[in-house]
Amino acid sequence: MEKEKMQTLTPEQKDFLMKSIRDVPDFPKPGILFKDITTLLNDTQAYTLLMRHLEARYKNMDLDFVAGIESRGFIFGAALAAKLDIGFVPIRKKGKLPATTIAEKYALEYGVDEVEIHIDAFRDKDGARVLLIDDLIATGGTAEAAVKLIKDAKGECVEAAFLLELAFLDGAKNLRKTVPVYSILEVH
Ligand code: AMP
């Protein structure tokens, strides 16, 4: 399919992507319906469709960096950055990044955690245009913390992109008050 036509997905393409994601009940604890994207990643057609769509959407947005949230945001984020010929920045769980970091605490759908970014992640480019990416937004706590980190590291979060939005949890709705949010798929 021509890349120009990939900026928006048809309902059929969205349905195809949605069906490629596996639901795993009660993981990592009872009551959580885990959205397993490994079945999208190992489906050549689904993964190619997703990455071509992301490339088409973001290639003309004049981005400087893609920042991905550990760990599934690394998969799409790093692949997208390579397609866009720009750098990738990891936002990691506490204690994983080796150099000087900035940290932010957040509440998760299942627990409490803390994320970090290297203080020099954007190579001292003030106002670097950054796309934040993760596989899924639930309560939005992780993404909100990540947006704050990007700002603290002197970047500008131009948009936050998610493969899946759990719309019944209002995380994306709240995040939209701060930054533009793009969710490819929504679960209601
Ligand atoms: P939250 O901070 O509540 O928006 O949670 C988002 C983060 O937790 C993302 O990094 C997701 O990968 C992960 N996550 C939360 N809920 C789920 C779920 N139901 N299925 C898969 N991943 C989830």
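Reader: Which residues have the most contacts inside the largest nonpolar core?

Author: A nonpolar core is a set of buried Ala, Val, Leu, Ile, Met, Phe, Trp, Tyr and Cys residues joined through side-chain atoms within 4.5 Å; buried means under 20% relative accessible area with a 1.4 Å probe, protein chains only. Here the largest has 31 residues, and Leu17, Leu50, Leu54, Tyr58, Leu80, Leu163 and Ile184 have the most contacts inside it. At least two residues come from each of α3 (44-58), α4, β7 (128-137), β8 (155-166) and β9 (181-187), with α3 giving the most, seven residues. These are DSSP runs numbered from the N terminus: helices are H or I of at least four residues, strands E of at least two. This is a predicted model, where local features need pLDDT of at least 70, side-chain atom pairs count only at pLDDT 80 or more, and totals for chains, interfaces and linings use all residues. Residues are numbered from 1 along each chain as its sequence is written, and side-chain values use heavy atoms, leaving out hydrogens and water.

Reader: What does Tyr58 touch?

Author: Contact means heavy atoms within 4.5 Å. Not counting residues up to four places away in sequence, Tyr58 touches Leu63, Leu80, Leu84, Leu131, Glu159, Ala161 and Tyr182. A second, separate core of 29 residues includes Val89, Ile91, Val115 and Val181.

Reader: How many bridges join β3 to β4?

Author: Strands pair if DSSP finds at least two bridges between them. Five bridges join the parallel strands β3 (residues 65-69) and β4 (residues 87-93), and Ala67 has Val89 as its bridge partner in β4.

Note on methods: Buried < 20%, exposed > 50% of the residue type's maximum accessible area, 1.4 Å probe, protein only.
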